[in-house]
Amino acid sequence: MITCYLRYVIDPYKAKEFEHYARLWIPLVNRLGGTHHGYFLPHEGANNIALALFSFPSLADYERYRQKMADDAECQSAFAYAEETRCILSYERSFMRPIF
């Protein structure tokens with residue numbers, strides 16, 4: 001199993017827009033073969049950092065997800081929403097191997 005860890009720097013004045021964006025992606029990742037573990041939004045501490053975690057059986061499965069995502073109209077709409085609202089300032093993506 002491989003887990004994608006996304007660390008977002010968001011515009012704290014657009015936290016509601018980012019939350020909407022996050023809610024769009026959870027069912028999309030699940031529909032396209034992943035398991036979404038949720039988004040984690042600012043509450044106490046830094047007001048501009050958000051996280052997302054989702055897993056795939058393998059890195060190859062993640063790559064297939066990326067290919068499907070590129071052709072999926074709902075995914076493209078979610079990306080467009082983030083661009084239009086500018087709720088995401090930057091992000092970094094890492095892959096981790098969970099131990100349970």
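Trainee: What makes the pair Arg23 and Glu19 a salt bridge?

Mentor: Keep in mind that this is a predicted model. The closest N and O atoms of Arg23 and Glu19 are 2.8 Å apart, and the cut-off is a side-chain nitrogen of Lys or Arg within 4 Å of a carboxyl oxygen of Asp or Glu, so the pair qualifies.

Trainee: How are Arg23 and Glu19 placed in helix H1?

Mentor: They sit four residues apart in H1 (residues 15-31), which separates them by about one helical turn. An α-helix has 3.6 residues a turn, so residues three or four places apart point the same way.

Trainee: Why is Arg23 called exposed, and why is Glu19 called partly exposed?

Mentor: Exposed means over 50% relative accessible area, and buried means under 20%. Arg23 comes in at 59%, so it counts as exposed. Glu19 has 30%, which falls in between, so it is partly exposed.

Trainee: What makes Arg31 and Asp72 a salt bridge?

Mentor: Again the 4 Å cut-off: their side chains meet at 2.9 Å, N to O, so they pass. This pair links distant parts of the chain, with Arg31 in helix H1 and Asp72 in the loop between helix H2 (59-71) and helix H3 (73-85), 41 residues apart.

Trainee: What does Asp72 do at the start of H3?

Mentor: A side-chain oxygen of Asp72 reaches to within 3.0 Å of the backbone nitrogen of Glu74. Salt bridges that share partners also join Arg31, Asp72 and Glu74 into one network.

Trainee: How do you know that the length of H3 agrees with what a helix should span?

Mentor: At 1.5 Å a residue, its 13 residues should span 18 Å, and the end C-alpha atoms are 18 Å apart, so the two agree.

Trainee: Which residues of H3 are buried, and what do they pack against?

Mentor: Cys75, Ala78, Ala82 and Thr85 are the buried ones. They cover an arc of only 105 degrees around the axis, which puts them on the same side of H3. The buried residues of H3 pack against H1, H2 and strand S4 (88-96).

Trainee: Which exposed residues are on the face turned away from the buried side of H3?

Mentor: That face carries Ala73, Glu83 and Glu84.

Terms used:
Residues numbered from 1 in each chain as written. Predicted model: local features only at pLDDT ≥ 70, side-chain atom pairs only at ≥ 80, totals over all residues. Heavy atoms only, no water. Helix = DSSP H or I, 4+ residues; strand = E, 2+ residues; numbered from the N terminus. Buried < 20%, exposed > 50% of the residue type's maximum accessible area, 1.4 Å probe, protein only. Expected span 1.5 Å × (residues − 1). Arc of directions from axis to C-beta. Contact = heavy atoms within 4.5 Å. Polar contact = N/O pair within 3.5 Å; in protein donor to acceptor, adjacent residues only side chain to side chain.
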